[in-house]
Amino acid sequence: MTGPLPLIAIVASLALTVVVLAYVVLGRVPDWGLLALAGAAEAAALVVTVVACVQLARGGHGLDGAQGATLVGYLLTGLLLLPIGFAWSLAERSRGATAVLAVASLTLAFMVLRATQIWAAG
Amino acid sequence: MSRPTRPGSTRTGVGLTLVAVYAVFALSATARSAVQLATKADEAPVAYALSAVAALVYVAATLGLAEVGPAPRRLAWAAVLFELVGVLVVGTVSVVAPGVLADQTVWSSYGAGYGWLPLVLPFAGIAWLAHTRR
């Protein structure tokens, strides 16, 4: 949970947020390009989650059970955000619906950030 | 791009975004207060009870704005008004007499720890409910 991996995941979901907001401003609805970008951000978060779980299982990280569970909870919840947000953003053709994906991606970035903070505190 | 298709609906257009933001707050506040109450309820009972109340308010606002239940608009109004009073009162108490609460809540310092969103959200909710009023 140290090194560039979490940072890449955070930057990827923040980049997605910016692109989604551009879509909202331009009045565009989610398309395949946006789906690909969301897929990339999701993949980065998934890699971080797998690495975190492996490192937690190995031990020697100084986190107690509750902290480890909270960290994994943040990451697993974070992984649900983009699929739900993307599906939700297709609910209707409106700026408001598209913006739901921005809410989801910004929240994902925050979730990964919180996870790294918990890891650093251990 | 279209305007909200059903006039009077709180869950179309911008309302969808608002429901999403409220849903995130409902989820995170509920999870946070559950962890606090389960692991250290006696450390700061006032703060953690307030966190639980805030979580319930966010859940109620989410459901109301998403038009779930028999009287969603009334539920949404009650939730956002309670939320506004809550963030103002708890925010003021946390600034004037921080010792009373003993630990952070969502509404401490007017929600500064959550990017001031807890302060902005009730106004957004009230504006949206007023805007979609038939």
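Author: Helices, in what follows, are DSSP runs of H or I with at least four residues, and strands are runs of E with at least two, numbered from the N terminus. Residues are numbered from 1 along each chain as its sequence is written, and chains are lettered from A and ligands numbered from 1 in the order in which they are written. The model is predicted: local features need pLDDT of at least 70 and side-chain atom pairs count only at pLDDT 80 or more, whereas totals for chains, interfaces and linings use all residues.

Reader: In which loop is B:Trp116 found?

Author: Most residues other than glycine have a negative phi. B:Trp116 is not a glycine, yet its phi is positive, about 65°. Its place is the loop of chain B between α3 and α4.

Reader: Does B:Trp116 count as buried, exposed or partly exposed, and what is the class of B:Trp116 called?

Author: A residue is buried if 20 or more other C-beta atoms, placed from the backbone, lie within 10 Å of its own, exposed if 12 or fewer do, and partly exposed in between. B:Trp116 has 13 C-beta neighbours inside 10 Å, so it counts as partly exposed.

Reader: How many C-beta neighbours does B:Ser109 have inside 10 Å?

Author: B:Ser109 lies in the loop between α3 and α4 of chain B. It is a residue other than glycine with a positive phi, near 50°. B:Ser109 counts as partly exposed because its C-beta neighbours inside 10 Å number 19.

Reader: What is the relative direction of α3(B) and α4(B), roughly parallel or roughly antiparallel?

Author: Axes are lines fitted to C-alpha atoms, for helices over the stretch in contact, and angles run from 0 to 180 degrees between N-to-C directions. Angles under 35 degrees count as roughly parallel, over 145 as roughly antiparallel, 65 to 115 as roughly perpendicular and the rest as oblique. Helix α3 (residues 72-96) and helix α4 (residues 117-131) of chain B pack at about 150°, their axes 9 Å apart. The relation of α3(B) to α4(B) is therefore roughly antiparallel.

Reader: How many nonpolar residues does the contact of α3(B) with α4(B) have?

Author: Two residues are in contact if their C-beta atoms, placed from the backbone, lie within 7 Å. The contact includes B:Trp77 and B:Leu84 of α3(B), and B:Leu121 and B:Ile126 of α4(B). Ala, Val, Leu, Ile, Met, Phe, Trp, Tyr, Cys and Pro count as nonpolar, Asp, Glu, Lys and Arg as charged, and the others, Gly among them, as polar. By class, the contact has 1 charged residue, 1 polar residue and a nonpolar group of 11.

Reader: At roughly what angle do the axes of α1(B) and α2(B) cross?

Author: Two packed helices are described by the angle between their axes and the distance between the axes. For helix α1 (residues 14-40) and helix α2 (residues 45-65) of chain B, the axes come within 8 Å and cross at roughly 155°.

Reader: What is the handedness of the crossing in which α1(A) passes α4(A)?

Author: The axes of α1(A) and α4(A) come within 8 Å and cross at roughly 165°. The two helices are therefore roughly antiparallel to each other. A crossing is left-handed if the near helix is turned anticlockwise from the far one by less than a right angle, and right-handed if clockwise. The crossing of α1(A) with α4(A) is left-handed.

Reader: Which helices of chain A do the buried residues of α1(A) pack against?

Author: Helix α1 of chain A (residues 4-26) has 23 residues. Its buried residues include A:Ala9, A:Leu16 and A:Val20. They pack against two helices of chain A, α2 (32-58) and α4 (95-121).

Reader: What distance does α2(A) reach from its first C-alpha to its last?

Author: Among the buried residues of α2(A) are A:Leu34, A:Glu42 and A:Val48, and what covers the buried residues includes α1, α3 (65-89) and α4 of chain A. The expected span of a helix is 1.5 Å times one less than its number of residues. With 27 residues, α2(A) has an expected span of 39 Å, and it reaches close to that, 39 Å.

Reader: Which residue of chain B does A:Trp88 touch?

Author: A:Trp88 is found in helix α3 of chain A. It counts as buried because it has 20 C-beta neighbours inside 10 Å. Not counting residues up to four places away in sequence, A:Trp88 touches A:Val100 and B:Ala20.

Reader: How many polar residues has the side of chain B that touches chain A?

Author: The contact takes 15 residues from chain A and 13 residues from chain B. By class, the side of chain B has no charged residues, 7 nonpolar residues and a polar group of 6.
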